[in-house]
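Please examine the sequence and the structure shown below. The paragraphs that follow lead through selected side-chain pairs and surface features.

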Amino acid sequence: MSTPLEPRLLVIEDRYTPGVAGSGLFTLHRAGCRVSCRMLVTAYFSSPLPPAETLSRILDAGERALSGIPFTRELVGSDRPPDSGELSRAGHTLTWDRPAAPLPEPAESPYDHRLRLRCEPSPEGGGVQGVRSRYGTVFALTLPPVTYYRVPR
């Protein structure tokens with residue numbers, strides 16, 4: 001069983017963080033490393049089905065033996081999809097548009113190098129809003145960040 005999610009946009013962020021000194025009320029502490037680099041990945045999807053049915057199918061697919069989908073009905077705790085707009089498990093976070101709270105565009109940082117891959121051309125723009133205006137509800141799957149490089153002090 002698969003999910004009805006269709007990939008629309010992939011955002012890969014290579015985040016550089018300089019190790020800077022910080023201070024508390026009476027102490028000064030230094031970061032454990034001079035430089036830290038980590039990779040963050042968020043995939044944006046649409047679905048031809050209504051959000052509640054899409055979430056139900058995602059949870060059903062997660063129930064299958066050896067499924068790579070970490071979201072299950074046990075996580076939700078009932079037979080109906082969650083209303084919170086978010087599922088989170090094992091570092092994976094699935095969020096989706098809700099009427100009063102659409103998903104925002106990914107935030108920019110001065111230390112980010114960002115790569116956006118669109119799964120197909122979009123005349124409305126290359127971001128989350130472009131996906132929303134063309135396909136409706138947007139689902140975002142954020143994978144756990146991976147620190148791949150550190151320079152210790």
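The side chains of Glu53 and Arg57 are joined by a salt bridge, with N and O 3.1 Å apart. A salt bridge here is a side-chain nitrogen of Lys or Arg within 4 Å of a carboxyl oxygen of Asp or Glu. The model is a predicted one, in which local features need pLDDT of at least 70 and side-chain atom pairs count only at pLDDT 80 or more, while totals for chains, interfaces and linings use all residues. Residues are numbered from 1 along each chain as its sequence is written, and side-chain values use heavy atoms, with hydrogens and water left out.

Both Glu53 and Arg57 belong to helix H1 (residues 51-63), where they are 4 residues apart, about one turn of the helix. Helices (H or I, at least four residues) and strands (E, at least two) are DSSP runs, numbered from the N terminus. Glu53 is partly exposed, at a relative accessible area of 34%, and Arg57 is likewise partly exposed, at 37%. In these terms, buried means under 20% relative accessible area, exposed means over 50%, and partly exposed lies in between (1.4 Å probe, protein chains only).

How many salt bridges does this rule give? The count comes to 5 salt bridges. Another of them joins Asp60 and Arg73, whose closest N and O atoms are 2.9 Å apart. This pair links distant parts of the chain, since Asp60 is in helix H1 and Arg73 is in helix H2 (residues 73-76), 13 residues apart. Asp60 is partly exposed at 29% relative accessibility, whereas Arg73 counts as buried at 17%.

A further salt bridge connects Arg8 with Glu6, and here the closest N and O atoms are 2.4 Å apart. Is Arg8 buried or exposed? Arg8 is buried, with a relative accessible area of 9%.

Attention now turns to a residue in a strand. Thr42 is found in strand S4 (residues 33-46) and counts as buried, at 12% relative accessibility. Which residues does Thr42 touch? Leaving aside residues up to four places away in sequence, Thr42 touches Leu9, Leu10, Val11, Ala140, Leu141 and Thr142; contact means heavy atoms within 4.5 Å.

Val146 is partly exposed, with a relative accessible area of 47%.
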